[in-house]
Amino acid sequence: YQRLNFQKKQKAIFLDRDGVINEEVDELINIDDLRIYPSSFSAIKKINQSGFLTVVVTNQPMIAKGKLTENGLDEIHRKIETLLGEKEAKIDAIYFCPHHPERGWPGEIKKLKIRCNCRKPNIGLIERAVRNLNIDSNQSYFIGDSDTDYQTAKNAKIKFIGVETGYGKLRADVLAKKNLAKAVDYILNIE
């Protein structure tokens with residue numbers, strides 16, 4: 001598989017999941033609530049064809065809150081990958097943080113109620129991807145829909161592009177595009 005070439009550093013486009021690839025629903029725990037933005041299919045296919053890796057980094061605190069199992073999350077991710085695959089688009093890797101620091105949810109998973117280094121805006125997920133996939137952060141980008149995503153990119157020293165989908169609540173000084181497709185076109189200089 002030529003794109004995962006460990007002889008030379010890879011460039012990647014890191015994507016937040018909810019609000020970037022798929023519609024933001026307060027907590028995506030029911031697979032039937034999954035709606036991928038129509039523009040995400042062509043956007044991810046363009047990333048695949050460009051030589052960038054497509055790497056999803058997502059906080060999934062519903063696992064720590066006991067509202068979703070890791071198997072349930074895997075099912076959601078498999079459905080995303082299947083729907084994308086039907087349109088010849090592919091995610092190279094998905095990294096998620098299952099933790100949540102605040103306590104007090106009925107049914108919460110105590111061992112996951114911690115302050116970790118992987119929950120965005122911390123950069124543990126990105127560091128893991130950089131290590132595992134031999135990524136050159138200097139040639140990479142992060143596309144997200146929130147100030148948390150912006151801060152994650154800043155903390156990881158990766159260029160950030162915001163999208164107006166999802167929460168679309170970004171600082172005024174952040175470069176933002178209408179959706180994932182427009183952000184990818186901007187990165188690839190297609191715009």
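Which elements each supply at least two residues of the lining of the largest pocket? β2 and α4 do. Helices here are DSSP runs of H or I with at least four residues, strands are E runs of at least two, and both are numbered from the N terminus.

Some ground rules. This is a predicted model, where local features need pLDDT of at least 70 and side-chain atom pairs count only at pLDDT 80 or more, while totals for chains, interfaces and linings use all residues. Residues are numbered from 1 along each chain as its sequence is written, and side-chain values use heavy atoms, with hydrogens and water left out.

Back to the pocket. Its volume is about 470 Å³. A pocket, on a 1 Å grid over the protein atoms alone, is an open set of points where a 1.4 Å probe fits, with protein on both sides within 12 Å along at least five of seven lines; lining residues have an atom within 4 Å of a point. Points are joined across faces, edges and corners, and the volume is the space filled by probe spheres set on them. The lining has 21 residues. Closest to the centre are Asp18, Glu24, Asn59, Pro61 and Tyr167.

Take Tyr167. It sits in the loop between β5 and β6. Tyr167 is partly exposed, at 41% relative accessible area. The cut-offs: buried is under 20%, exposed is over 50%, partly exposed is in between, with a 1.4 Å probe and protein chains only. Beyond residues up to four places away in sequence, Tyr167 touches Glu24, Asp26 and Asp145. Contact means heavy atoms within 4.5 Å. Tyr167 and Asp18 are 149 residues apart in sequence, yet 9.0 Å apart in space, C-alpha to C-alpha.

Now Cys118. It is in the loop between β3 and α3. Cys118 is buried, at 4% relative accessible area. Leaving out neighbours within four places in sequence, its contacts are Asn59, Cys97, His99, Gly124, Leu125 and Arg128. Asn59 is also one of the residues closest to the pocket centre. Pro98 is 20 residues from Cys118 in sequence and 8.8 Å away, C-alpha to C-alpha.

Pro121 lies between β3 (93-97) and α3 (124-133). A cis peptide bond joins Lys120 to Pro121, with omega about 15°.

On to the core. A nonpolar core is a set of buried Ala, Val, Leu, Ile, Met, Phe, Trp, Tyr and Cys residues joined through side-chain atoms within 4.5 Å. The largest one has 34 residues. Ile13, Leu15, Ile21, Ile143 and Leu180 have the most contacts inside it. Two or more residues each come from β1 (11-15), α1 (38-50), β2 (52-59), α2 (70-86), β4 (141-144), β5 (159-163) and α5 (180-187). α5 gives the most, with five residues. Apart from this core lies another, of 23 residues, including Cys116, Leu133, Ala153 and Ala156.

How many of the eight residues of α5 are buried? Six. They are Leu180, Ala181, Ala183, Val184, Asp185 and Ile187. Their cover includes β1, α1, β2, β4, β5 and β6 (176-177). Leu180 touches Leu15, Val20, Ile21, Ser40, Ala43, Ile44, Ile143 and Val163, not counting residues up to four places away in sequence.

Next, the aromatics. The structure holds three aromatic pairs. Rings of Phe, Tyr and Trp (its six-membered ring) pair if their centres lie within 6.5 Å; planes under 30 degrees apart are stacked, over 60 edge-to-face, the rest tilted. Phe142 and Phe160 form a tilted pair, 6.0 Å centre to centre and 35° between planes. Phe142 is in β4 and Phe160 in β5, so the pair ties together parts 18 residues apart in sequence. Both are buried. Ring pairs link Phe142, Phe160 and Tyr150 into a cluster.

Two lysines sit over ring faces: Lys87 over Phe41, 5.8 Å from the ring centre, and Lys159 over Tyr141, at 5.0 Å. The test is NZ of Lys or CZ of Arg within 6 Å of the centre and within 35 degrees of the ring normal.

Last, backbone. Glu88, in the loop between α2 and β3, has a positive phi of about 60° and is not a glycine. Glu88 is exposed, at 59%. Lys157, between α4 (147-156) and β5, has phi near 60°. Lys157 is exposed too, at 68%.
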